[in-house]
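Keep the structure open while you read.

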Amino acid sequence: MAKDTAKPVILWFRKDLRLDDNRALDAAHRSGRPIIPLYISEPEAAGTGPLGAAQAWWLHHSLEALDRSLRKRRSRLVLASGEAFEVLRAFIRESGAEAVFWNRRYDPAGISIDVRIKHELEKQAIEARSFGGQLLHEPSRLMTGNGTPYRVYTPFWRALEGGGEPEPPLEAPAKLRLASQLPKSEALESWKLLPTKRDWAGDFTDLWTPGEEGAHEKLRAFIEDALDGYKENRDYPARPATSMLSPHLAFGEISPARIWDATRGLSKRVAAADVVHFRKEIAWREFSYHLLFHFPRLASNNWNERFDGFEWRSDDDDFRAWRRGMTGYPIIDAGMRQLWRHGWMHNRVRMIVASFLIKDLMIDWRRGEAWFRDTLVDADPANNAASWQWVAGSGADASPFFRIFNPVLQGEKFDPDGKYVRSYVPELRELGAKYIHRPFEAPRSMLDEAGIALGQTYPKPIVDHALARNRALAAYNATRDAA
Ligand code: FAD
C-alpha cells in the first residue's frame, strides 16, 4: 500500500457511471494511489445539443446512486461544473494530483475534447490515461478487408462475432482509497436537473431505477424471465420481452462486456437463437457507434446525400400532433404517449412513429431525432441518429424509403388485442379489438357505446395514410430524378 503522501489520481467519470467493469477505476485502484472520483458537468460536451430533459432527470439519480456506491467503499463523488480542462487543471493544482484516468467516449464532441485534454495534460507532465469499455470493441478495430469502415450491418456482425470474445468484465474493487484532501464538491441540487415547474417525470419511477444496481437488476430479470423467447416476443410492445437496459447503457451504468458475459453458457435454459438475437441487438449499438465514429455528422447530415434534395414539409401543427400523441392513429399515439410518460418507447413502435413522421407527414427526420433526444431516457448520440437515418432510408444499410409502415396494419399485427394502445390511450379503452387500431372506421353505435366522440374525445386521423403514402413516394421519386 502506498503511503498517504502519494499523489492522487483523478478518476474522471463521464458516461461510465458504474464501479463494476470500469477499467479506468480498476487501473486507478491498482496503482495504489489515493483516488479523487470526479464528475464534471460539461456544457460544451453535449455537442449535438443540450442534455435532454429526460436524461437530466436520469443523470441526477444516477449520480446519487454512484455516490452511494462509492460511499459504501469509503469513497465519495466530487461534482464540478465548467469547461473540463479548466476544472481538471484547477483540481490538479489544488490536490497535487499527478494523473487523470478516464474511460473513452465516442461521440464527436467528446472525442475532440478528450484529445485536446490529453495533449494539454501530457504537456504539463500529468499522466493522462484512457481506457475502453463503453463498447465491446474499439470502433476503429473492425474494418473491412479493404481497410475501410463497414457500411453494412451483416458483415459487421460477422466480423464482430468471428473476431474473438470481448475482454472479460472486471469486478468492482471492494474498497477504494480516497484522497485525504478532496476538493470541495458542488451540490447536485444546484445543477437543477430535476423538473421544476411540473413533475412530468412522476411516472418514470414505475419503470426505472437509475444507477448500476438498477441496471444489474434489469439484466437479471431479463435473463430469468424474458430472454427465452426474445426473438419472437421482442416485436410485441405489450409483452415485457426486451431487456430495457438502454438507458443504463446510455449512462454507462453497465458495460456491454458485462451483458455479453451474462449471456454466456445459458444454452440449457434458453434457446441459442434467442441469445444470438439479443447479442445481435447489442451489436447494432456497436454498429451505430462504428458509423458515428467514421461519420461524425450522423446526427445532422444525411448519410446518403441523395436525401439532401428531399422537400420536407414544415407543418408545425402536424409536428405538434405527433409529439403529443394526437394523430388519430392509435399505435402512433400510444407510442408517443409512452415516450412522454415513461421516457422510453418500445423499439417496434419507435420504427412505426418514425416512419409516420418522416413519410406520412414528410417532416425532416432531424426534428424527430431532436424530440427523441429531449424525451428519451436512453437518448444516445449513435443509436438515435443511426436509427432515425435507418428509418428515413438516408442512412447506411437503411430500410428503403419506399418501405412505408401502415400504422393500422402494424398495430393490428403487433398489438392484436390492443392491450398496448389501451394502456396509453385511455380514451379508447372501451373499444373492442376489431376497431382499436382503426376507430375512424368503427360504426357510430360502437363508438357511442365506448364513449368515444371522434374529433372531440379522440382525434380523427390528421392524414389519410394511403394519400400520404403516395405523396411521400412522389417526393422521393422527385429527389431521385433530380439526383
Ligand atoms: P433490447 O431489445 O433489450 O436490446 C438490448 C440493447 O441493444 C439495447 O438496450 C440497445 O443498447 C441495443 N439495441 C437494440 N436495438 C437497437 C437498435 N436498433 N440500434 C442500436 N442499438 C440497439 N436506442 C438507444 O439506445 N438510444 C436511442 O436514442 C435510440 N433511438 C432510436 C430511435 C429510433 C427512431 C429507433 C427506431 C430506434 C432507436 N433506438 C435507440 C434503438 C432501440 O429502439 C432501443 O435501443 C431499444 O428499444 C431499447 O430497449 P431495450 O433496451 O429493451 O432493447
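1. Start with Met 362: this residue counts as buried, because 20 C-beta neighbours fall inside 10 Å. (Buried takes 20 or more other C-beta atoms within 10 Å of a residue's own, exposed 12 or fewer, and partly exposed is in between; the C-beta atoms are placed from the backbone.) You'll find Met 362 in the loop between H14 and H15. Its phi is near 55 degrees, a positive value in a residue other than glycine.

2. Some housekeeping before going on. This is a predicted model, where local features need pLDDT of at least 70 and side-chain atom pairs count only at pLDDT 80 or more, while totals for chains, interfaces and linings use all residues. Residue numbers run from 1 along each chain as its sequence is written. Helices (H or I, at least four residues) and strands (E, at least two) are DSSP runs, numbered from the N terminus.

3. Asp 397 also has a positive phi, about 50 degrees, although it is not a glycine. Look for Asp 397 in the loop between H16 and helix H17 (407-414). Asp 397 is partly exposed, since 17 other C-beta atoms lie within 10 Å.

4. Now have a look at how H14 (residues 347-360) packs on H16 (residues 381-392): the angle is about 60 degrees and the axes are 9 Å apart. That makes H14 oblique to H16. (Axes are lines fitted to C-alpha atoms, for helices over the stretch in contact, and angles run from 0 to 180 degrees between N-to-C directions. Under 35 degrees counts as roughly parallel, over 145 as roughly antiparallel, 65 to 115 as roughly perpendicular and the rest as oblique.) On the H14 side, Arg 350, Met 351, Ala 354, Ser 355 and Ile 358 meet Ser 387, Trp 388, Val 391 and Ala 392 in H16. By class, this contact of H14 with H16 has six nonpolar, two polar and one charged residues. (Ala, Val, Leu, Ile, Met, Phe, Trp, Tyr, Cys and Pro count as nonpolar, Asp, Glu, Lys and Arg as charged, and the others, Gly among them, as polar.)

5. How does H13 (residues 330-342) sit against H14? Their axes come within 9 Å and cross at roughly 110 degrees. That makes H13 roughly perpendicular to H14. Ile 331, Ile 332, Gly 335 and Met 336 in H13 meet Val 349, Ile 352, Val 353 and Phe 356 in H14. Here the residues divide into seven nonpolar, one polar and no charged.

6. Ser 246 is in helix H9 (residues 246-250) and is buried, because 20 other C-beta atoms lie within 10 Å. Ala 379 belongs to the loop between helix H15 (365-375) and H16, and is buried with 24 other C-beta atoms within 10 Å. Leaving aside neighbours within four places in sequence, Ala 379 is in contact with Gly 52, Gln 55, Ala 250, Phe 372, Arg 373 and Asn 384. (Contact means that the C-beta atoms of two residues, placed from the backbone, lie within 7 Å.)
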